[in-house]
Amino acid sequence: MRPENFEVLVEQGRTPVAQVAAGAADEGAEAFAARNRDALLAVVAEHGAVLVRGTGLRDAAELGAIGKHLSGTLLTEREGLASRSAYAENVYSSSKWPADQPMCMHHELSYASEVPGLMLFGCLTPPASGGATAVADARKMLAELPAELVERFETTGWTLTRNYGELVGVPLAEAFGDVDRAAVEEYCRRNGIEHEWTADGALSTSQRRAAVVTHPATGERCWFNQIAFLNEWTMDPDVRDYLTMEFGPSGLPFNTAHGDGEPIGEDVVARINALYEANTLREPWQAGDVLLVDNIRMAHSREAYTGDREVVVVMADPVAPPLPG
């Protein structure tokens, strides 16, 4: 469908931008999205991600309303990597992550049994500098990674280990929606998560997931995981050393391994992250911007920033990737 109310601008190294025509969003961001639903989704299908500029997005609730128009099915986050605040029903703050530390490329909740197929990000307050939510094409990652590396991960999958406790990791109530042991254990059983309670009442988990998945709409194979982002070698070295000293090598809040349990080498993590950077598209935030991302086809990141930054998030279109092997 050819858009009538916006023009899509595509430039090398930049996230595609859908510039809304003057007057086309006078009725508000929600009404604009509802009226242009098919055209917006067609642009996402074509490019994998698009930053819609000029809608005049006002608040978090409006982003939630846009999500319902574009998808109809919004997700309640479980197993989040970092804490978020809930602004409205199924509308969250961006992850609470130190401003001076980037969040490396990843696919949202790629370690969960049910993942969002569509991500919506809305900028209410842009940062003074930096802070872009950048994207990278998972199809290109798969094509450009060494064949032997892809084959190993595709054969065995990848494993994520996590530790939840008062001093490390995300609190149980936020990660699982409950603190009751029986409820948490039932969630883990339903979602293929091995779990163990430590003597001090903390929870340790392990889950094996596919590293390569097939896109549900296009049938294309995509590099879909958080192998590099959640690995110890991506952590700030000082943070990694402190956490290891305090909690031991197995006590890190998160870490990744090959699906057969073998550690992932620092060289592998560096190679994956370098290739992500080579394929990164970025566009600085402006107030009122709305970024739509196909979460299977495109990874996304959050760059370090200065100043205030308020970006709200909606997860939509649940997809259940198959387990490896």
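**Entry 1: salt bridges.** I call it a salt bridge when a side-chain nitrogen of Lys or Arg lies within 4 Å of a carboxyl oxygen of Asp or Glu. I keep in mind that this is a predicted model. By this rule I get a count of 17 salt bridges.

I looked up Glu-108 and found that it forms a salt bridge with Arg-84, with the closest N and O atoms 2.8 Å apart. Glu-108 sits in the loop between S6 and strand S7 (115-125), and Arg-84 in the loop between helix H3 (60-70) and strand S4 (86-88), so this pair ties together parts that are 24 residues apart in sequence. Are these two buried or exposed? I find Glu-108 buried, and Arg-84 as well.

Next I turned to Asp-289, which forms a salt bridge with Arg-53; here the closest N and O atoms are 2.7 Å apart. Asp-289 belongs to the loop between S16 and strand S17 (290-294), while Arg-53 belongs to strand S3 (residues 49-53), so the pair ties together parts that are 236 residues apart in sequence. Asp-289 and Arg-53 are both buried.

I also checked Glu-11, whose salt bridge with Arg-14 has its closest N and O atoms 3.1 Å apart. Glu-11 is partly exposed, at a relative accessible area of 44%, and Arg-14 is partly exposed too, at 29%. Which residues are linked with Glu-11 in a network of salt bridges? I noted Arg-14, Arg-53, Glu-283 and Asp-289.

**Entry 2: helix H5.** I went through H5 (residues 147-156) and found Leu-149, Val-150, Phe-153 and Thr-156 buried. They cover an arc of only 155 degrees around the axis, which means that they lie on the same side of H5. On the face turned away from that buried side I see the exposed residues Ala-147, Glu-148, Glu-151 and Thr-155. Gly-157 follows H5, and its phi is positive, near 75 degrees.

**Entry 3: strands.** Strands of a sheet pair through backbone hydrogen bonds, either parallel or antiparallel. I traced an open sheet of four strands in the order S6-S18-S9-S16, with antiparallel pairing. Its edge strands are S6 (103-106) and S16 (280-281), each of which pairs on one side only.

How many bridges join S9 to S18? I noted three, between S9 (residues 135-137) and S18 (residues 298-302), and these two strands run antiparallel. Ala-136 has Ala-299 in S18 as its bridge partner.

I then moved to strand S15 (residues 254-258). Five of its five residues are buried, so S15 is largely enclosed by the rest of the structure. Five bridges join S15 to strand S10 (residues 158-164), and the two run antiparallel. Here the bridge partner of Leu-160 is Thr-256 in S15.

**Entry 4: the largest pocket.** The largest pocket has a volume of about 500 Å³. Its lining is made up of 20 residues, and those nearest the centre of the pocket are Trp-97, Pro-98, Gln-101, Val-239 and Phe-254. What classes of residue make up the lining? I noted 13 nonpolar, four polar and three charged residues.

Conventions
Residues numbered from 1 in each chain as written. Predicted model: local features only at pLDDT ≥ 70, side-chain atom pairs only at ≥ 80, totals over all residues. Heavy atoms only, no water. 1 Å grid on protein atoms, 1.4 Å probe; cavity = no way out; pocket = protein on both sides within 12 Å on 5 of 7 lines; lining within 4 Å. Points joined across faces, edges and corners; volume = space filled by probe spheres on them. Nonpolar A, V, L, I, M, F, W, Y, C, P; charged D, E, K, R; others polar. Buried < 20%, exposed > 50% of the residue type's maximum accessible area, 1.4 Å probe, protein only. Arc of directions from axis to C-beta. Pairing = 2+ DSSP bridges.
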